[in-house]
Amino acid sequence: MADPITAPPGPNDLALRRLRDHGVYVALGVLVLFNLAFTPHFATLANLRLQLVQVVPIAIVALGMALVVATEGIDLSVGSVMALAAAVVPLYLGYGPWPAIAVAIVVGALVGTLTGGLVAVFGIQPIIATLGVLVAGRALALVFADGRLVEIFDPTLGALGNGSVLGVPITVLIAAVLAAMVIVVVRRSIFGRRLVAIGGNRTAAVLAGLPVRRTLFAVYILSGMFAAVAGVVNTARLGASDPSFTGLLIELSAITAVVVGGTPLSGGRIKVVGTLAGAVLMQLIAATVIQHNLPDSLSRMIQAGIIVVAVYVQRDRGGA
């Protein structure tokens, strides 16, 4: 009788592996073809620019989420961190736009430090720890903004949110730079290898002497900082800070982008390019639903279905 551990993968296993690794690109291609055929004005530069600009917050949040998921964690607080960052910007805008942006990112890092402490030091399950931070962070954002939308009139922030360089929106360039940094960190640094090793087998990582707590602290801090950057970008683009709606439910889109992009929720693996493709897929689903006058709730239902399918095809972790 063949050993189930060493037995070669069957046709079904290979099909699932291909679906896990390349399913996001297939789904993206199908959706693009559908829109080219049935959505008016889809194939225009104006629409391409709009979709790229709108996907930026999801992509930036998903990059930080991918680092967390690779360690077998999850960060549900990212939407609230976005709202906190958005609420902080107008409070410190009197000192200038760059100090206000810096404070917002520091706030994101502080929230990430808190979350990392709950997970790494106190051993609280990430989903519980970040759920608590999600509730507290949104409440704090409402307190900072006095529960109201705050309009922002600043030329630097306006240029950051809506300006372009050689026709490419600045926000898209920011997301591209962050993605390049994450790719380099994951593929070329010791830190990248450590977070994958911790997600693959935390007990073995501890026994091997890896700095598990320090690494977990770092990934949650990075996730908080990325969410804060997304909050700043979103505020700059809209010219307003809205603590009630900024980042609302973006954690669902980010988690879906990460999982459908090939990073398993069980950790031990990270796909940065797949995550970006997943973010584009989430944005395109939402845009398609809107452009065909369908209920917005449908896009959430589709995302939930995608998560279920992605987790199913990733259940064979040994083939990762």
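Hi everyone. Before we look at any helices, one definition: a helix axis here is a line fitted to C-alpha atoms, over the stretch in contact, and the angle between two axes runs from 0 to 180 degrees between N-to-C directions. Two packed helices are described by that angle and by the distance between their axes. Please keep in mind that this is a predicted model.

Let's start with H11 and H13. How far apart are the axes of H11 and H13? The answer is 9 Å, and the two helices pack at an angle of about 35°. H11 passes H13 in a left-handed crossing. On the H11 side, the residues that touch are Leu-252, Ser-253, Thr-256, Val-259 and Val-260, and they meet Arg-300, Gln-303, Ile-306, Ile-307, Ala-310 and Val-311 in H13. In this contact, 7 residues are nonpolar, 3 are polar and 1 is charged.

H13 has another partner, H12. Their axes come within 9 Å and cross at roughly 145°. Is that crossing left-handed or right-handed? For H12 and H13, it is right-handed. Met-282, Ile-285, Ala-286 and Val-289 in H12 touch Leu-298, Ser-299, Ile-302, Gln-303 and Ile-306 in H13. Here we have 7 nonpolar residues, 2 polar ones and no charged ones.

Now, on to the largest pocket. It holds about 790 Å³ of space. Its lining is made of 29 residues, and those nearest its centre are Gln-54, Ile-58, Leu-248, Gln-283 and Arg-300. Which elements give two or more residues to this lining? They are H2 (45-70), H10 (212-238), H11 (250-260), H12 (272-291) and H13 (297-313). The largest share, 6 residues, comes from H12. By type, the lining has 15 nonpolar, 10 polar and 4 charged residues.

Finally, a word on the database record. An unreviewed UniProt entry lists "transmembrane region" for several spans, including residues 165-186 and 272-291. In the model, residues 272-291 are 100% helix and 0% strand, with end C-alpha atoms 29 Å apart. Residues 165-186 are 77% helix and 14% strand, and their end C-alpha atoms lie 28 Å apart.

Definitions and conventions. Residues numbered from 1 in each chain as written. Predicted model: local features only at pLDDT ≥ 70, side-chain atom pairs only at ≥ 80, totals over all residues. Heavy atoms only, no water. 1 Å grid on protein atoms, 1.4 Å probe; cavity = no way out; pocket = protein on both sides within 12 Å on 5 of 7 lines; lining within 4 Å. Points joined across faces, edges and corners; volume = space filled by probe spheres on them. Helix = DSSP H or I, 4+ residues; strand = E, 2+ residues; numbered from the N terminus. Nonpolar A, V, L, I, M, F, W, Y, C, P; charged D, E, K, R; others polar. Left-handed = near helix turned anticlockwise from the far one by under 90°. Contact = heavy atoms within 4.5 Å. UniProt positions renumbered as here; feature names shortened; annotations may be inferred.
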